[in-house]
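Please look over the sequence and the model shown here before reading on.

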Amino acid sequence: MHKELKQLSQNLTRLIGRTIALAFLFVVLVVGTQVVLAQEFPQHDLKVETIAENLDVPWAIAFAPDGRIFVTERTGALRVIDDDSLQNSPALKLDVGGAEGGLLGLALDPNFEENHYLYIYYTYSEFLSTYNRVSRFTESNNSVSDELVLIDKIPGAAIHDGGRIKFGPDGKLYITTGDAANMSLAQDLDSLAGKILRINPDGTIPHDNPFADSPVYSYGHRNPQGLDWDPTSGILVATEHGPSGDKGFARDEINIISAGKNYGWPEITGDEKDPKYVSPIFHTGDVAWAPSGAAFYDGNRILDLKGKFLVANLRGVHLHAFEIDTTQGKILSEQSLFSGTFGRLRDVHINDGYIYLLTSNQDGRGSPRQNDDRILKVMALDQGLQKETQEEICSAGLELVIKASNGNPACVKPATKLKLIERGWARN
């Protein structure tokens, strides 16, 4: 009996030891996961969290007034994050062209809350040819249908498909297109390739476009993939990929965009000047960044970045912040953020004062990491958000709510706030 009790005591001791070890391992794993999901950058006073992962080459992101997030995957799926959860079923699945083309740009209608229109730029194949088009779709209950083609037969190729679309302050839809690996098309005003296009939301041509009966807004571009408007001056700024051997190497550009202007590709690059063309206000010299999505930071949560032009870089594997005097066309300062930390960055988007980044490590040119590709959320280390600071945090016409699922703040329209609170998705 004594031996049996002794053996039982030893077994119990081992069991308790194993339980403690497993508990410790669980804590280590949880803490380790948190280190991956929430990474601090005290040198920039920033923190980065992962809000979605295991995406298939995400390309563009857009935020609905009700808090949902839409994101395109270049392989053809439009995904939805609803109530902080990535939905298993795509909202839309398209048969798209491959290589650098695919399901690319995304924009929600300025009146999305009423009409549920969203706009998509995608590549498709027709017989032996490749094209790009921009279509309007209608969303309902996280499903998208009823395609209306707005502009079609934009020349496409395995490379240089452009693809960024964004609504301007004037309510027009702006579209970046690449030269489709045929550099001469950028100078051809009868071609839609190598351009920034401007159309009405219904696909018609605005009467004040610089060229009569043409969607062309500017031309002479190689492969522009990012654009946004300075919130102070209203001036349009765009990013553009420089040459990769055809006319030198690197010289990726930041350009001030004006209606009807010619930006010189392939006639000039980098520091080259010619009075017939507009030269960039910045280029990367002999170092290739492959700049993609871009956005002016107009929030109040990260004061050090207030008013700066943020550029996501693919080959450059960092986020670059430019302070630009857009009225004078001058770069006043610049800094690099997260260099090499997250790999290739495809897009940058500002929502409620937070910065959202899309990684692009699964695109065939990166080095995929565990759980790539991801959507990252950048915020201040000490958010310090109090309800009393609502007027400083939320833009005019928006009101503060706290999301019930995670306690995070959000700025929404008053009508949306009421709906979220009624459904129990948010609180004051």
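## Enclosed spaces and a buried lysine

The second largest cavity is lined by D252, E253, I254, F282, T284, W289, P291, V311 and F322; a cavity is a set of points, on a 1 Å grid over the protein atoms alone, where a 1.4 Å probe fits but cannot get out, and lining residues have an atom within 4 Å of a point. This is a predicted model, in which local features need pLDDT of at least 70 and side-chain atom pairs count only at pLDDT 80 or more, while totals for chains, interfaces and linings use all residues. Residues are numbered from 1 along each chain as its sequence is written, and side-chain values use heavy atoms, with hydrogens and water left out.

Searching the whole structure gives 2 cavities of 30 Å³ or more, and a volume is the space filled by probe spheres set on the points.

| Space | Volume |
|---|---|
| Largest cavity | about 40 Å³ |
| Second largest cavity | about 30 Å³ |
| Second largest pocket | about 490 Å³ |

Among the residues lining the largest cavity are R222, E240, H241 and E253. A pocket is an open set with protein on both sides within 12 Å along at least five of seven lines, and the second largest pocket has 28 lining residues, with E100, H241, A290, R344 and R365 nearest its centre.

K308 sits in the loop between strand 20 (291–296) and strand 21 (309–313), strands being DSSP runs (E) of at least two residues. K308 is buried (under 20% relative accessible area, 1.4 Å probe, protein chains only), yet K308 has no salt bridge, and E323, the nearest side chain of opposite charge, is 5.2 Å away; a salt bridge needs a side-chain nitrogen of Lys or Arg within 4 Å of a carboxyl oxygen of Asp or Glu.

Technical notes
Helix = DSSP H or I, 4+ residues; strand = E, 2+ residues; numbered from the N terminus. Buried < 20%, exposed > 50% of the residue type's maximum accessible area, 1.4 Å probe, protein only. Lys, Arg positive; Asp, Glu negative; His and termini not counted.
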